[in-house]
Amino acid sequence: MFFSQDCTLCRPHLRCMKPCAKLNCPVRHLRRIIYYLDSAIHTLDICIYFFTFTELAEAIIRAKNRNVVVRIILEDSMTHTDKSQIMNFYKEGIKPVFKSLDVLVHHKFVIIDNNIVMTGSINWTKSAFFGNFENVLVTNESAIVKPFVNEFERILTMLTATTTETNSETLDIH
Ligand SMILES: [Zn+2]
């Protein structure tokens with residue numbers, strides 16, 4: 001999927017969610033991404049730098065409500081903005097993982113049922129979908145999916161384990 005500056009023109013028909021005739025209509029792309037999210041049966045692993053797009057957050061909340069295990073990693077510095085979907089996730093019992101690091105968690109990928117990966121340049125914000133040059137690749141090629149699954153687990157472990165490591169280091173001093 002490709003997005004470009006022409007996508008700005010499609011903003012008005014986001015409300016009805018009907019794509020126009022344009023091959024790269026961002027509403028068509030958005031519907032396709034939502035379709036994949038809605039197809040999740042077991043797990044949804046999401047690692048997105050900046051997440052503000054309500055329609056995509058709603059698809060994730062729908063997944064949670066049909067008992068899909070939802071795990072979200074966000075970039076710490078981007079969770080403090082008013083537009084972040086983080087509070088909506090908390091309200092629905094989803095706890096995104098984020099931590100202040102020396103570097104950015106700049107990924108934009110989603111893994112559905114450990115089987116499909118959606119990845120690319122695009123942040124999950126309305127402005128990225130409607131006006132930027134962006135790309136999203138969707139694949140179920142296991143040679144690509146597996147490294148993404150490993151990467152997600154690696155980052156999640158790192159972000160959730162640091163506190164414990166610090167404690168054990170403190171203990172070592174004693
Ligand atoms: Zn359109």
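Q: How many helices and strands does the protein have, and in what order do the elements run?
A: The secondary structure of this predicted model comes to five helices and six strands, and from the N terminus on the elements run β-α-β-α-β-α-β-β-α-β-α.

Q: What about the radius of gyration, and how does that sit with the globule rule?
A: The radius of gyration is 17 Å, close to the 16 Å that the globule rule gives for 174 residues, so the protein is as compact as a globular protein of that length. Along its principal axes, the C-alpha trace spans about 70 × 35 × 30 Å.

Q: And what share of the residues is buried?
A: Buried residues account for 29% of the 174 residues. As for contacts between residues at least 6 apart in sequence, 64% of them join residues at least 24 apart.

Q: Which residues touch the most other members of the largest nonpolar core?
A: That core has 40 residues, and those touching the most other members are Leu44, Ile46, Ile48, Ile60, Ile72, Leu74 and Phe129. In soluble globular proteins, nonpolar side chains tend to be buried together.

Q: Let's stay with leucine 44: what does it touch?
A: Leaving aside residues up to four places away in sequence, leucine 44 touches Leu37, Ile60, Ala63, Val68, Val70, Val110 and Ile112. One of these, valine 70, is also the bridge partner of leucine 44 in β3.

Q: Are β2 and β3 parallel or antiparallel?
A: Strand β2 (residues 43–48) and strand β3 (residues 69–74) run parallel and are joined by six bridges. Between them the chain passes through helix α2 (residues 54–65), and this β-α-β crossover is right-handed.

Q: Switching to β4 and β5, how do they pair?
A: Strand β4 (residues 108–112) pairs with strand β5 (residues 116–120) in the antiparallel sense over four bridges, and isoleucine 111 has valine 117 as its bridge partner in β5. The two strands form a hairpin with three residues between them, and in the turn aspartate 113 has a positive phi of about 55 degrees.

Q: What does β5 do with β6?
A: β5 also pairs with strand β6 (residues 134–139), in the antiparallel sense and over four bridges, with glycine 120 standing opposite valine 136 in β6.

Q: Last topic: which residues does the UniProt domain annotation cover?
A: The unreviewed UniProt entry carries the annotation "domain: PLD phosphodiesterase" for residues 101–128. Over that stretch the chain is 11% helix and 36% strand, and the end C-alpha atoms are 25 Å apart.

How values were computed: Residues are numbered from 1 along each chain as its sequence is written. This is a predicted model: local features need pLDDT of at least 70, side-chain atom pairs count only at pLDDT 80 or more; totals for chains, interfaces and linings use all residues. The radius of gyration is taken over C-alpha atoms; the globule rule is 2.2 Å times the number of residues to the power 0.38. A residue is buried if 20 or more other C-beta atoms lie within 10 Å of its own, exposed if 12 or fewer, and partly exposed in between; C-beta atoms are placed from the backbone. Two residues are in contact if their C-beta atoms, placed from the backbone, lie within 7 Å. A nonpolar core is a set of buried Ala, Val, Leu, Ile, Met, Phe, Trp, Tyr and Cys residues joined through C-beta atoms within 7 Å. UniProt positions are given in the numbering used here, feature names are shortened, and annotations may be inferred rather than shown by experiment. Two strands pair if DSSP finds at least two bridges between them. A crossover is right-handed if, with the strands pointing away from the viewer, the path from the first strand over the helix to the second runs clockwise.
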